[in-house]
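Hi,

Here is the structure I promised to pass on. Have a look at it first, and then read on for what turned up.

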Amino acid sequence: MNHIVPNSLATPWIACFVLFIAIGQPSVAQDVWQQHVGKAGESGWRCHVIQPDPNDHGPDGINFHDWNNDGFVDVLVNYEEGKFSRLFFNLGVKKCHSTWSDWIEFQHGPCEDSGIGDLDNDGDIDYVANGGWIFFNPGGESVRDAKKWVRMNLFDKEQRVPLVTDVDGDGLNDLVVGAQLWFKQPSDDKHQAKNWKRYKLGESKWPMNCIRRDVDADGDIDFIVADRRSEIFWLENPGKAKLYKPWPRKMLHPHKSMFIAVGDINGDSIDDIAIAGGQEGEIKWQRKLTVLIRKNRSGIPAFE
């Protein structure tokens with residue numbers, strides 16, 4: 001489905017502060033979304049709504065990339081309850097503060113998470129809706145035609161935190177889904193689901209993040225996972241000889257986390273972990289940010 005308004009232009013992404021508002025009462029929501037438009041908050045940042053959601057379709061994930069190669073960043077959003085995703089193209093420096101009305105739409109099942117990356121090795125960035133539904137970018141001018149994006153169904157159910165990354169080091173991006181499975185990109189006929197071999201990574205109840213990092217500094221890429229029903233753990237890359245078997249699971253912290261971020265917080269060139277919300281045991285950490293400062297550079301992580 002295409003929806004394109006004439007005279008649309010592109011704009012630098014830094015010119016826009018993007019905000020989606022999901023409204024739960026359609027009967028009174030038609031104008032409610034406008035109450036904060038153009039207004040600055042306490043920090044001085046101004047709110048700009050690129051698309052309202054009066055029918056509560058639930059925009060639940062966002063991806064940034066310049067899909068039409070015009071030098072400006074576009075926005076691809078998945079709507080969980082609406083069962084669709086929309087790729088919004090920038091409207092230009094003069095229009096980016098208005099609602100964005102140049103978009104194409106992809107239909108699929110319920111989609112809480114999404115991801116992007118080149119999954120057919122053609123140099124164009126493809127789209128992954130909730131892990132199972134992949135839309136291959138046709139490239140060039142065809143990127144604006146949703147019908148030319150080839151859809152491939154790996155499976156037809158909800159799955160979390162899709163991550164496009166080269167798992168086996170063969171130079172081709174693979175697909176990690178749910179912090180549980182990974183699908184190997186085939187050498188040929190990449191748009192055929194039957195050619196994508198599936199391998200088990202481990203178990204995860206409700207992953208909120210799946211982050212690619214060399215946790216133990218052994219030269220292999222591991223995965224850090226925030227499981228809101230369990231703990232923060234990491235899947236240790238077992239090396240090429242055992243890569244296609246389940247990876248060892250090791251706890252990083254007993255916190256039942258919502259989202260986490262990994263990065264150097266205290267300037268010692270070692271990755272730390274910031275934890276948003278969640279709980280540890282019976283102690284709930286709502287409205288709090290927990291920071292784990294790592295004390296060692298390699299081996300099994302130790303935090304304070």
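To start with the cysteines: is cysteine 96 buried or exposed? Cysteine 96 is buried, with a relative accessible area of 1%. Cysteine 111 is buried as well, at 0%. As for disulfides, the count is zero. Do keep in mind that this is a predicted model.

Salt bridges are another story, as the count there is ten. One of them joins aspartate 102 and arginine 144, with 2.9 Å from N to O. Aspartate 102 sits in the loop between β6 and β7 and arginine 144 in the loop between β10 and β11, so this pair ties together parts 42 residues apart in sequence. On the aspartate 102 side the relative accessible area is 0%, which makes that residue buried, while arginine 144 is partly exposed at 23%.

Then there is aspartate 113 with arginine 160, where the closest N and O atoms are 2.3 Å apart. Here the loop between β7 and β8 is linked to the loop between β11 and β12, across 47 residues. Both partners are buried: aspartate 113 has a relative accessible area of 14%, and arginine 160 has 9%. This pair also belongs to a network of salt bridges that takes in Glu112.

Lysine 250 and glutamate 236 make a further salt bridge, at 2.6 Å from N to O. Lysine 250 is in strand β19, and glutamate 236 is in the loop between β18 and β19, 14 residues away. Lysine 250 is partly exposed at 27%, whereas glutamate 236 is buried at 17%.

On the surface, two patches came up. Asp56, Asp60, Glu81 and Glu158 gather in a patch of negative charge. Of these, glutamate 158 lies in the loop between β11 and β12 and is partly exposed, with 38% relative accessibility. The other patch is nonpolar, covers about 270 Å² and is made by Ile265, Leu289 and Val291. Valine 291 belongs to strand β24 and is partly exposed at 34%.

Last, some backbone angles to look at. Aspartate 189 has a positive phi, near 45°, though it is not a glycine. It is in the loop between β14 and β15 and is exposed, at 55%. Serine 269 also has a positive phi, near 70°. Its place is the loop between β20 and β21, and with 60% relative accessibility serine 269 counts as exposed.

Cheers

Terms used
Residues are numbered from 1 along each chain as its sequence is written. This is a predicted model: local features need pLDDT of at least 70, side-chain atom pairs count only at pLDDT 80 or more; totals for chains, interfaces and linings use all residues. Side-chain values use heavy atoms; hydrogens and water are left out. Patches are made of residues with over 30% relative accessible area and no salt bridge: like charges are joined within 9 Å, nonpolar side chains (Val, Leu, Ile, Met, Phe, Trp, Tyr) within 5 Å. Accessible areas come from the Shrake-Rupley method with a 1.4 Å probe; for residues, only the protein chains shown count as cover. A salt bridge is a side-chain nitrogen of Lys or Arg within 4 Å of a carboxyl oxygen of Asp or Glu. Lys and Arg count as positive and Asp and Glu as negative; His and the chain ends are not counted. The place of a charge is taken as NZ of Lys, CZ of Arg, CG of Asp or CD of Glu. Helices (H or I, at least four residues) and strands (E, at least two) are DSSP runs, numbered from the N terminus. Buried means under 20% relative accessible area, exposed over 50%, partly exposed in between (1.4 Å probe, protein chains only). A disulfide is a pair of cysteine sulfur atoms within 2.5 Å.
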